[in-house]
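Welcome! Take the topics in order and look up each residue as it comes.

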Amino acid sequence: MATQRPNYSEEDLVESLKQNDRVAFEYLYDHYSGALFNVICKVLRDNEKAEDVLQDAFLKIWKSITSYDPAKGRLFTWMLNIARNSAIDAVRSEGRKPGMDDITENPDRTDQNATYQPSTSTLDLKALVDTLRPERKVLVDLVYFQGYTQEEASKELDIPLGTVKSRIRTALQDLKLYFKL
């Protein structure tokens with residue numbers, strides 16, 4: 001007989017995670033690991049290492065969930081930053097630059113549990129980013145999918161750092177509309 005898993009609201013999920021609820025953590029992994037794996041793969045360009053970094057990222061999430069502040073952003077955004085930074089750290093520890101792979105190179109993982117919110121409109125981050133204006137899209141891709149810092153993106157595209165920051169801020173505001181923030 002199969003047991004039925006709870007369906008958490010983000011607020012309930014965070015509260016359960018902060019109480020070290022194992023079922024909540026399993027729910028978190030089941031619903032977010034696919035999306036986080038894609039981001040990590042994009043930076044690392046190595047599926048095996050990405051699996052290890054994903055595990056490390058979830059450990060960091062689990063250990064630091066008490067420091068998550070919903071007032072500063074959504075849970076997925078917070079976890080995405082942890083995963084992306086873990087991947088960048090892994091790449092830099094090897095003395096390389098973060099990868100340039102396209103997220104579509106891992107289609108088997110793209111479809112696997114890529115949901116992180118109940119809304120189906122949030123299933124494909126890359127598709128959402130593709131809807132941005134080209135000058136914003138390229139910056140979001142460099143900074144959030146390829147692991148560049150804003151300063152590195154500024155140098156790569158030969159545009160002022162202030163322009164990079166304002167375009168990314170505007171892009172994120174555009175993307176927030178999809179997440180109903």
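In this predicted model, helix H7 (residues 134-145) packs against helix H8 (residues 150-157) at an angle of about 130°.

**Where H7 meets H8**
- The crossing of these two helices, H7 and H8, is right-handed.
- From H7, the residues Val-138, Leu-139, Leu-142 and Val-143 take part, and they meet Gln-150, Ala-153, Glu-156 and Leu-157 of H8.
- Sorted by type, the residues of this contact comprise 6 nonpolar, 1 polar and 1 charged.

**A look at Val-129**
- You will find Val-129 in helix H6, which covers residues 125-130.
- Val-129 has a relative accessible area of 4%, and because buried means under 20%, Val-129 is buried.
- Beyond its neighbours within four places in sequence, Val-129 contacts Lys-137, Val-140, Phe-145 and Leu-175.
- Val-140 is 11 residues from Val-129 along the chain, and their C-alpha atoms are 7.4 Å apart.

**The largest nonpolar core**
- In soluble globular proteins, nonpolar side chains tend to be buried together.
- Here, the largest nonpolar core has 52 residues, and Leu-13, Leu-28, Tyr-32, Leu-36 and Leu-75 touch the most other members.
- Helices that each supply at least two residues of this core include H1 (10-18), H3 (47-64), H4 (75-93) and H9 (161-179).
- H2 provides the largest share of this core, with 12 residues.

Conventions: Residues numbered from 1 in each chain as written. Predicted model: local features only at pLDDT ≥ 70, side-chain atom pairs only at ≥ 80, totals over all residues. Heavy atoms only, no water. Helix = DSSP H or I, 4+ residues; strand = E, 2+ residues; numbered from the N terminus. Buried < 20%, exposed > 50% of the residue type's maximum accessible area, 1.4 Å probe, protein only. Contact = heavy atoms within 4.5 Å. Axes fitted to C-alpha atoms, helices over the stretch in contact; angles between N-to-C directions. Left-handed = near helix turned anticlockwise from the far one by under 90°. Nonpolar A, V, L, I, M, F, W, Y, C, P; charged D, E, K, R; others polar. Core = buried A, V, L, I, M, F, W, Y, C linked by side-chain atoms within 4.5 Å.
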